[in-house]
Amino acid sequence: MAAGSVNPFNLSDSEEEAERRPNVTTDTQRSPNGGASSGPPGNPFATPVDTEPPTLLLSSNRTSPSAEGLPVSAAATAAMTGGTGDTRVSIDAIAAQLLRDQYILTALELHTEMLEAGRELPRLRDYFSNPGNFERQSGTPPASKDQGLGPGGPLNRAGSISTLDSLDFARYSDDGNRETDERVTVLEFELRKAKETIQALRTNLTQAAESELTSQERKKHKSSVEFQDPIRQLEKRALNFLVNEYLLRNEYKLAAITFSDENDDQDFELWDDVGLNIPKPPDLLQLYRNGGSVASSPRETVDVAVSMELGDLPGNYTSQEQSKKPDLLQQQQTELVQELEYQIGLLNTEKESLAEQIRKMHSEIQILKRCASSPPSAPLDLGGCPTSGPPSTDSSDLPSTRPLDNGQYLDIRAGSTVEDSADPPMTQSSPQPQTQSHGKLKSRGPVHFDQPNRKLSPAFQQALLSFCRMSSDSRLGAEVSRIADSEESVMLMLGRCLPHIVPNVLLAKREELIPLILCTACLHPEARERDQLLHILFNLIKRPDDEQRQMILTGCVAFARHVGPTRVEAELLPQCWEQINHKYPERRLLVAESCGALAPYLPKEIRSSLVLSMLQQMLAEDKADMVREAVVKSLGIIMAYIDDPDKYSQGLELMLLSLADPSERVVSATHQVFIPAFAAWTTELGILHTTLIPSLLTRIEKLLLVGGEHGLDEHKLHMYLSALQSLIPPLFAVVLQNAPFTSRAKLHGDVPAIEVTRFPRPASPLQDVATIVGSRETVSVLLSLYDHQLEHEGTTGWDSLLWVVNQLLPQLIEIVGRINVTSSTCVHEFSRFFWRLCRTFGKIFTNTKVKPQFQEILRLSEENVDASTGNGILTKATVPIYATGVLTCYNQEEDRKLLVGFLEDVMTTLSLSHAPLDSLKASFVELGANPAYHELLLTVLWYGVVHTSALVRCTAARMFELLVKGVNETLVAQRVVPALITLSSDPEISVRISTIPAFGTIMETVTQKELLERVKMQLESFLEDPQYQDQHSLHMEIIRTFGRVGPNAEPRFRDEFVLPHLHKLALGNNSQTVEAKRIDIATQLFEAYSALSCCFISEEVMVNHFLPGLRCLRADMEQLSAEHEVILSSMIRECEIKIENRSIGDAQGSLSIASSLVGEDAKTKFLSKMGQLTTSGAMLANVFQRKK
């Protein structure tokens, strides 16, 4: 049966106890004088030696405590001494004679008294511990029935009845009407098993006879060391059993399974399968430990009797021993032959007993078949039948299905029969329960009940008590009828009952069983039952929620603390592995969380191999985000317990795999848990700043190199930069801990508190510098020394900080200069990185180490910008990253002044050198996203508004367009519009034209009517003023602005201002004589009309302005571009169709398409209009396609 399956019918505790008895009594096999006791006859594990066995005789001058109660008559003693006055018989010889003559109870009494005296006889111990000696019935001498064993004797069961494969599960049903038929089935099965047993006995006898060497052969090969007898079948099966037991006991489960498969002809769960009358030897460990000690061979020696001190022997004993050696050897060989003949006789007796039992079973089957033909009228014992049937045999002759009692239970079922046996005093002298192997267990004394002075027959009394209707035949009845009275028996009972209790508990309350399951799994002696209980624990709840998973994890941690790393590896990890691919994500989540929770309690080799591989597989293959998130957190915990440097590359691979995960929660867990833990490990290895960070920088450089050819992968850039950003706190901790002043850092007196804003807010506690270093007090002291060292003593000998200054910063600045300044994502990522770097390393470091390196590159002069190519450093992303990532770290007045001055200088330099303004625009966009910098940016722009150079004023006017979208309307009204109006009246026409995009953006974003009217008036002055009639560039800028802001502007502004002026410009362009200007205006008008055609336009405006404007534009395109003329014709037809449909749909001439849908058939009209809009949209898409 698999270890994880639920077996509701375990072996009885008596059978489990019988399997453990050889281990319990192993220590008693050694005699007090250091010699090893002789093995029993037939023991294949006794080591043959040439020395003479220390045969000790019973001394006459010393009285043994056990000698007072020996029930041996003088006549018997005289007979056994052989008539010699001085020769004394050993107690072992007496025991052998008692067993040979079948004085079983006398031998039992002798065994009990020897146990009480602490002088155990191996022969008696092995005899009474072997259940095969008590499975005989008819072959026993008649005296056994006269010694109070009850009618027919209690040893009337076949040895196979209690095996698991003979159990009929249906017999435990609550349906009592099927008992007779089921009993017939059981008896037929037992008959078949008895026949198989007889055949096995015959085989054993044949093999024993064939493999036995003669005494002459033994003498011949006795002195030969090289000679070794071929292994017998019995010895092979015994060794197989011990090897399998060793593998299971030491948790080599796979090896045990393989070994069992290769020996499928042997039952490794039952020692009796090895052979009959063969006592179980000690386990392999005990045999190994005793291998060098003196032991006797069962082939050449007899068993040793009572162990005694050498000083207690008679004075002439030693001299007599020397002279009697040859005689003793001959006597021992003779007794060995007699012992073997005795065993053969026992086997023959056993065979006859089983044959007699088969005959009885045949008769019982016939009787029960007759009884089954007519249903019983009342509940009777299985051994009886109605009076009309033939007389039945006594019920005691039937094989009992009741499990044997090992003395650990109070059996309420036996209370009515034990006291009523034929000889009550003899019953009370039965052997006591065997000593418990557990030191803390307490044995229970016998319970006595008052017996009435009646003379009822036991059969009548048993039949009478059967009317009490106690249910002891079912599994639950068997458990109820036996009350545990020791700790171990309680664990055994819980192990049997819990698998049946759990399925009947509500799912919502099953976590209440967790303590009980864990306690039983911790203390249960059977590995198979422990595996079954832990399997139940992990499968306790179908889909455990967070609280239930926390309870299970808490229990697993408690279990791990209690049992140690070996059992955690052998018992808990297999349960995790089984559920790694479970269909429910909650169960896989439990596995992922368990790996992290159990990491501190696992062997280090398992942490860095098996568990790491499990988590890596789940991270790569699991589809549930919450499972991968838990996997990443568990990986972080594993990283804190790995001490194998070879696993660094695997850890880096896992970090990159986690960062590339598509789920945001997984990436967040990577930054919060995994990267800090991985960084802590690399810090211990000393490779954080020498290997890990440089490897990430190398990946970024390769990414930029590839991106220059095929386009930059911004997702990967974000991934690498975010990893670098999470490594800044560990890097700073390395700098602090490796500083020259570290030895002077001592906590004494009042430690200054760290400013709240000293460090950026960490993403998790693991990224807090105080947590990394150890405490806030330690960090505070180190920071004071750090600032003092930077300000007054320098960085000499400070290798980690010098690496940051001389290698990290220059490489980062070089990378920044290579990224595309128009990529707002790249600019933002690098800006945030430098901001966190500067804030973490402090203001002094920023001012003395970071800013000078940027300023050395950004020399603000016109010579630094190449006007022809525009590839100067001021046009690169270095400008916005320095402005937004370094200069904004600290917000004091001097820092703000430095930022304002830098932006003014950049604006002036770029304007005067006619360089692209992309770097300045990127700075304004990044800073404009934070409202705290709006005033500062307006200050910079006002500097440009009042600048003496028209180029700078033009740049300032264009920058307003970027700033308007993020500034609140109050600042727009108070600061932006006045500045723009000022520029709109500038003497330079180029400055006035530059304000048009900003005015258009205001019309697009602002809702205040007063502002809109002011902007409208200013734009109208540009269009109506005669001085601008021939300003081609102004007209181009206005048309471009109308096309950009028209779709998003207020409808009234679009209908009353934008479309009418576009109509006028299109009409005026028809009379343009300069072809180049005419083409430019026509192209811009085409772009504007294409954008505005998507808007809702009233019928009046469409008829009066939109369609006439399109017709004028078509007239230009007929001469300039035939392709554009086709598209315009299509647009005109679409507009005319819309107007016709509106007129038909609504006689009053509604102003919208929606109003034409009002009527009885609104749905039909709406669908038809939608179809027309779809057609129009398709044509519009073709417009843009053709344009390309």
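This is a predicted model: local features need pLDDT of at least 70, side-chain atom pairs count only at pLDDT 80 or more; totals for chains, interfaces and linings use all residues.
The side chains of Glu571 and Arg530 meet in a salt bridge, with 2.9 Å from N to O. The two residues lie in distant parts of the chain, 41 residues apart: Glu571 belongs to helix α20 (residues 565–578) and Arg530 to helix α18 (residues 527–538).

Glu571 has a relative accessible area of 1%, so it counts as buried. Arg530 is also buried, because its relative accessible area is 8%, and the cut-off for buried is under 20%.

A second bridge joins the side chains of Asp895 and Lys851, at 4.0 Å from N to O. It too links distant parts of the chain, since Asp895 sits in helix α35 (residues 893–912) and Lys851 in helix α33 (residues 843–857), 44 residues apart. Asp895 is buried because its relative accessibility is 6%. For Lys851 the value is 7%, so this residue is classed as buried.

Glu1004 has a relative accessible area of 21%, so it is partly exposed. Arg1044, at 31%, is therefore partly exposed as well. Elsewhere, salt bridges with shared partners connect Glu251, Lys253, Arg530, Asp531, Arg567 and Glu571 into one network. In total the structure holds 32 salt bridges.

The chain as a whole gives the setting for these pairs. It has 48 helices and two strands. Of its 1188 residues, 46% are buried. Among contacts between residues at least 6 apart in sequence, 75% join residues at least 24 apart. The accessible surface comes to about 58,800 Å², and carbon and sulfur atoms account for 54% of that area.

Helix α24 (residues 648–659) has twelve residues, so at 1.5 Å a residue it should span 16 Å; its end C-alpha atoms are 17 Å apart, which agrees. This helix is mostly covered, with nine of its twelve residues buried. Those nine are Tyr648, Gln650, Gly651, Leu652, Leu654, Met655, Leu656, Ser658 and Leu659.

Helix α27 (residues 714–726) is built from 13 residues. From its first C-alpha to its last it reaches 18 Å, close to the 18 Å expected at 1.5 Å a residue. Its buried residues are Leu717, Met719, Tyr720, Leu721, Ser722, Ala723, Leu724 and Ser726.

The surface also carries nonpolar side chains. Leu456, Phe460, Leu464 and Phe467 form a nonpolar patch there, and together they have about 420 Å² of accessible area. One of the four, Leu464, is placed in helix α14 (residues 458–465). Leu464 has a relative accessible area of 49%, so it is partly exposed.

Technical notes: Residues are numbered from 1 along each chain as its sequence is written. Side-chain values use heavy atoms; hydrogens and water are left out. Patches are made of residues with over 30% relative accessible area and no salt bridge: like charges are joined within 9 Å, nonpolar side chains (Val, Leu, Ile, Met, Phe, Trp, Tyr) within 5 Å. Accessible areas come from the Shrake-Rupley method with a 1.4 Å probe; for residues, only the protein chains shown count as cover. Buried means under 20% relative accessible area, exposed over 50%, partly exposed in between (1.4 Å probe, protein chains only). The expected span of a helix is 1.5 Å times one less than its number of residues. Contact means heavy atoms within 4.5 Å.
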